[in-house]
Amino acid sequence: MGLTPGDRLPPERDLAHRFRVSRGSIREAVKHLAAQGVVESRRGAGTFVVSAPQAFARAMEAALAGARAHLDRLFELRLIIEPGIAAVAARKASAAHLQAIQKAVATQAEETDSRRWGEQDLAVHRAIAQATENPLVLELLAATGAITETREEALQSAARHEASVTGHRRILGALLAHDSAAAAKAMEDHILWAHALTQLPSKEDSA
Ligand SMILES: [Zn+2]
């Protein structure tokens, strides 16, 4: 991409556009490049290229592939655990649990600040996990805190935020009906949907 030693790295947004990946992936990749000494961060000045153009391009491709693989593994993990959580929640959810999930979805639906979408998505998933009344499930969800990365990648525009809310409403409907199979399927579809979004290039922050 024609960057030579001493050049300042273009903004995340430009790099995301150029490599057709999300800004989160770029951020992750640049961290790796910094650890390898391919680029160097200077406080307040930005990030600068250290390596020769070819070495930089190779390292960038490898770092992006690494970030991609990591994200895929996180989604795979979510797919393994969260439909099961939804199925148990459908069976065990009390009226109070259901109300809490409903409230979390409503709060998410009303949020206009895109910086809060990720945490509100997480709040919905946490409320669903709480309905299992199994502290180990909550510990597992907390232990996989890194999974927030999957949210940052997926929830990048108002349209995607809307679609996330729609997915949550479908899960909620199954929980209200105490239909475990439907809840598991709705959760599975929701996670597959979010994962598929991260395979697309970044939408230029239309929100
Ligand atoms: Zn969600």
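Reader: How many bridges join strand E1 to strand E2, and which way do the strands run?

Author: The model is predicted, so keep that in mind. In it, 4 bridges join E1 (residues 39–42) to E2 (residues 46–49). The two strands run antiparallel.

Reader: Which residue stands opposite Val 39?

Author: Val 49 in E2 does.

Reader: What do E1 and E2 form, and what about the turn?

Author: They form a hairpin. There are 3 residues between the strands. Gly 44 sits in the turn and has a positive phi of about 80°.

Reader: OK, zooming out. How many helices and strands does the protein have?

Author: The count is 9 helices and 2 strands. From the N terminus, the order is α-α-β-β-α-α-α-α-α-α-α.

Reader: How much of the protein is buried?

Author: Of its 207 residues, 36% count as buried.

Reader: And what share of the contacts join residues at least 24 apart?

Author: That share is 71%, among contacts between residues at least 6 apart in sequence.

Reader: New topic: helices. At what angle do H3 and H9 pack?

Author: First, the general idea: two packed helices are described by the angle between their axes and the distance between the axes. For H3 (residues 53–92) and H9 (residues 180–198), the angle is about 160° and the axes are 7 Å apart. That makes H3 roughly antiparallel to H9, as the angle is over 145 degrees.

Reader: Is that crossing left-handed or right-handed?

Author: H3 and H9 cross in a right-handed way.

Reader: Which residues meet there?

Author: From H3, they include Leu 71, Phe 75, Arg 78 and Leu 79. From H9, they include Ala 183, Met 187, Glu 188 and Ile 191. By class, the contact has 13 nonpolar, 4 polar and 4 charged residues.

Reader: What about H4 and H8, how far apart are their axes?

Author: The axes of H4 (residues 95–110) and H8 (residues 158–176) are 10 Å apart. These helices pack at an angle of about 165°. H4 and H8 are therefore roughly antiparallel to each other.

Reader: Left-handed or right-handed this time?

Author: H4 passes H8 in a left-handed crossing.

Reader: Which residues of H4 and H8 meet?

Author: On the H4 side, Leu 98, Ile 101, Gln 102, Val 105, Gln 108 and Ala 109 take part. On the H8 side, you find Val 165, His 168, Arg 169, Leu 172, Leu 175 and Leu 176. The contact of H4 with H8 has 8 nonpolar, 3 polar and 1 charged residues.

Technical notes
Residues numbered from 1 in each chain as written. Predicted model: local features only at pLDDT ≥ 70, side-chain atom pairs only at ≥ 80, totals over all residues. Axes fitted to C-alpha atoms, helices over the stretch in contact; angles between N-to-C directions. Parallel < 35°, antiparallel > 145°, perpendicular 65-115°, else oblique. Left-handed = near helix turned anticlockwise from the far one by under 90°. Contact = placed C-beta atoms within 7 Å. Nonpolar A, V, L, I, M, F, W, Y, C, P; charged D, E, K, R; others polar. Buried ≥ 20, exposed ≤ 12 C-beta atoms within 10 Å, placed from the backbone. Pairing = 2+ DSSP bridges.
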